Amino acid sequence: MSEQAEQAARKTGREARRVADSRWFEVTARAGFVGSGIVHLLIGYLAIVLAVGHGSSGRETDQSGALQQLASVPGGVVLLWLVAIGTAALTLRLAVEAIVGGRSDSARAWLGRAKNAGKAVVYGVIAYSATTFALGAGKSSSGSSSSAAAKTLATPGGVFVLLLAAGIAIAIGIGLVVIGCRRSFWKQLVRPPRPIDRVVTVLGVVGYVLKGIAVVIVGVLIAVAAFRSDPQQASGLDAAFDTVRSMPGGAVLLVVIGVGFLAFGVFSFFRAKYARL
């Protein structure tokens, strides 16, 4: 890379950092955590509704189902736009951190960048989905997941690609469980006063652990889809929740997982206030 190109890259990085550190951008990014919290609350609610036997009305219990539910309530479109704008700002913030964040080339610094890049993808998907539902063009994520899995299986080496995706999902799920058990989510938060500290700790542990279990189940279903060459198995949280409900005692477990998503949703609200940005 020429010296001029390096200088241009540094200048771009400084400008990106300046924008990311601005007050308005911070406020909007914190709103992204609120938007994520709303989505998790709705997923938790739909999971519990499914568990108690009232989830057969065609509503999905994954992210698209939550956004569809939000779009159906009075003023829901406004809320969807708020979720979209907030999570989009948070996506940009994380993308900037992934590109120019860190002050060294150590393995830990690169790992931090990779984590921020992964989070940017997650929040970017929420922002995109919320926007499409706000515009009235939202689609079933389980259907699109099955379609993507079918296309993947039809390509050479598709089974291995799905197995890789399954491994990543399982690793992410286990990572969430570990974060919850070790309470390492506090690294990203400013400690609040003692009474609130305890509440946030409980919400974080419950939310991360139970959400992690749900993501592991999704990974297992993707692996099953690969081994059986059945793309219908790879349908995200919606299929995972249906699978849990069909197990002996699955309704109780699904309620517990639903409570986990509710806890993570409330935790996200606290995170919006106390996050280190």
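This briefing describes the overall make-up of a predicted protein model and then a few of its local features. Because the model is predicted, local features need pLDDT of at least 70 and side-chain atom pairs count only at pLDDT 80 or more, whereas totals for chains, interfaces and linings use all residues. Residues are numbered from 1 along each chain as its sequence is written, and side-chain values use heavy atoms, with hydrogens and water left out.

**Overall make-up**

- The protein chain has ten helices and zero strands, where helices (H or I, at least four residues) and strands (E, at least two) are DSSP runs numbered from the N terminus.
- Of the 277 residues of the protein chain, 44% are buried, a term that stands for under 20% relative accessible area, with exposed meaning over 50% and partly exposed the range in between (1.4 Å probe, protein chains only).
- The accessible surface comes to about 14400 Å², and 66% of this area belongs to carbon and sulfur atoms; such areas come from the Shrake-Rupley method with a 1.4 Å probe, and for residues only the protein chains shown count as cover.
- Among contacts (heavy atoms within 4.5 Å) between residues at least 6 apart in sequence, 75% join residues at least 24 apart.

- Thr91 is found in helix H4 and is buried, with a relative accessible area of 16%.
- A polar atom of the Thr91 side chain lies 2.7 Å from the backbone oxygen of Thr87, and the side chain of Thr91 also reaches the backbone oxygen of Tyr123 at 3.4 Å.
- Leaving aside neighbours within four places in sequence, Thr91 is in contact with Ala120, Tyr123 and Gly124.
- Val73 is found in the loop between helix H3 (63–72) and helix H4 (76–100), and it counts as partly exposed because its relative accessibility is 35%.

**Helix H7**

- Helix H7 (residues 158–182) has 25 residues that should span 36 Å at 1.5 Å a residue, which agrees with the 36 Å between its end C-alpha atoms; the expected span is 1.5 Å times one less than the number of residues.
- The buried residues of H7 include Gly158, Leu162, Ala166, Ala169, Gly173, Leu176 and Gly180.
- Just after H7, Arg183 takes a positive phi of about 60 degrees.

Definitions and conventions: A polar contact is a pair of N or O atoms within 3.5 Å; within protein, one must be able to donate a hydrogen and the other to accept it, and residues adjacent in sequence count only if both atoms are side-chain atoms.
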